[in-house]
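Have the viewer ready as you read.

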Amino acid sequence: MFHKSFKKIRSTAWLAALLLVPMTLSLAGCSPAPAQSKQIKVGVAFYPMKELLLLIQDDLKKDGFELNISEFSDYQAPNNLLKSKELDANMIQHDYFLQSFNKANGSDLVTVQPIYHATFALYSKDPKNLADLPDGASITLADDATNLSRSLYLLGQAGLLTFKDGKTTGLTLEDIATNPKNLKLDDQVPLTSLAQKYSETGLAVMYPTYAKSLKLEGNEQRLYVEKQDDVTKGYAISLVARSDNKDSDGMKALIKHLTSQKVRQFLQDQYSWASTPAFE
């Protein structure tokens with residue numbers, strides 16, 4: 001009697017176990033998968049882009065994205081790595097420079113969000129007014145095509161040059177129509193060498209990030225500041241992605257937080273002497 005009861009209990013236990021396994025598996029299948037952060041890899045090259053990204057890092061994390069920031073000292077590597085999909089985006093350039101890179105490298109990188117307008121300016125150690133620039137003065141300029149054009153356009157805004165056929169972009173020395181002060185403009189160096197060269201020559205057109213490296217902030221040694229117009233709008237430093245990821249959730253999250261009031265306030269509080277937000 002006891003033997004038969006035991007066999008019955010054991011059979012019932014096995015049956016329960018067999019029923020329990022698929023039930024357990026079924027319940028496990030219904031459990032939500034643990035959330036995993038998606039990584040966004042962004043390249044930067046100068047102040048304050050890294051600071052802007054660190055400012056929104058936690059906001060991106062709340063949206064499920066882990067930010068990975070890579071710093072560079074030049075402007076070619078971040079574009080090459082973005083092109084080869086080793087980066088998801090970069091924040092190193094304006095659209096004119098980007099189009100020049102695309103044309104030279106057969107790439108399809110795209111500007112997805114302008115971030116700020118850098119305060120581009122003619123710096124001078126000695127002359128304090130444009131009228132005091134001596135005849136034949138030499139001004140150091142960037143040697144890449146897009147920033148050379150921008151520098152010449154700035155000198156045109158300042159009334160120091162005029163250009164043939166009213167040309168405004170893609171400017172070269174050959175496009176100069178008039179140069180009343182006979183300015184020498186053939187001292188051209190890489191963008192990253194402008195600050196060092198300015199220390200020697202005392203006259204250069206450059207970005208505030210290089211002036212900052214010389215401890216020049218605010219309007220110190222600025223002789224003329226670029227005016228905002230339809231041409232200079234295209235020089236906003238921007239978030240750049242590829243055509244195949246420009247509409248991804250990661251880019252949408254980056255755009256949302258880079259155009260937030262928090263970022264605008266940072267630019268106004270910490271960098272207003274050198275930038276103007278380029279978003280509403």
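## The cavity and its surroundings

The lining of the largest cavity is made up of twelve nonpolar residues, four polar ones and no charged ones. Here Ala, Val, Leu, Ile, Met, Phe, Trp, Tyr, Cys and Pro count as nonpolar, Asp, Glu, Lys and Arg as charged, and the others, including Gly, as polar. Before going on, please note that this is a predicted model, in which local features need pLDDT of at least 70 and side-chain atom pairs count only at pLDDT 80 or more, while totals for chains, interfaces and linings use all residues. Residues are numbered from 1 along each chain as its sequence is written, and side-chain values use heavy atoms, without hydrogens or water.

Searching the whole structure turns up one cavity of 30 Å³ or more. A cavity is a set of points on a 1 Å grid over the protein atoms alone where a 1.4 Å probe fits but cannot get out, and its lining residues have an atom within 4 Å of a point. The largest cavity holds about 160 Å³ of space, a volume being the space filled by probe spheres set on the points, which are joined across faces, edges and corners. Of its 16 lining residues, Phe-46, Tyr-75, Leu-191, Tyr-207 and Ile-237 lie nearest the centre. Helix H7 (208–213) gives the largest share of the lining, three residues. Helices (H or I, at least four residues) and strands (E, at least two) are DSSP runs, numbered from the N terminus.

Now turn to helix H5 (residues 145–157). Eleven of its 13 residues are buried, so H5 is largely enclosed by the rest of the structure; buried means under 20% relative accessible area, exposed over 50%, and partly exposed in between (1.4 Å probe, protein chains only). Among the buried residues are Arg-150 and Tyr-153. Just after H5, Gly-159 adopts a positive phi of about 85 degrees.

What about the charged side chains? The count comes to eleven salt bridges, each a side-chain nitrogen of Lys or Arg within 4 Å of a carboxyl oxygen of Asp or Glu. One of them joins Asp-63 to Lys-256 (3.0 Å, N to O). That pair links distant parts of the chain, 193 residues apart, with Lys-256 in helix H8 (residues 249–258). Asp-63 is partly exposed at 33%, and Lys-256 is partly exposed at 46%. Lys-167 and Asp-175 also meet in a salt bridge (3.1 Å, N to O); Asp-175 is buried at 13% relative accessibility.

Note on methods
1 Å grid on protein atoms, 1.4 Å probe; cavity = no way out; pocket = protein on both sides within 12 Å on 5 of 7 lines; lining within 4 Å.
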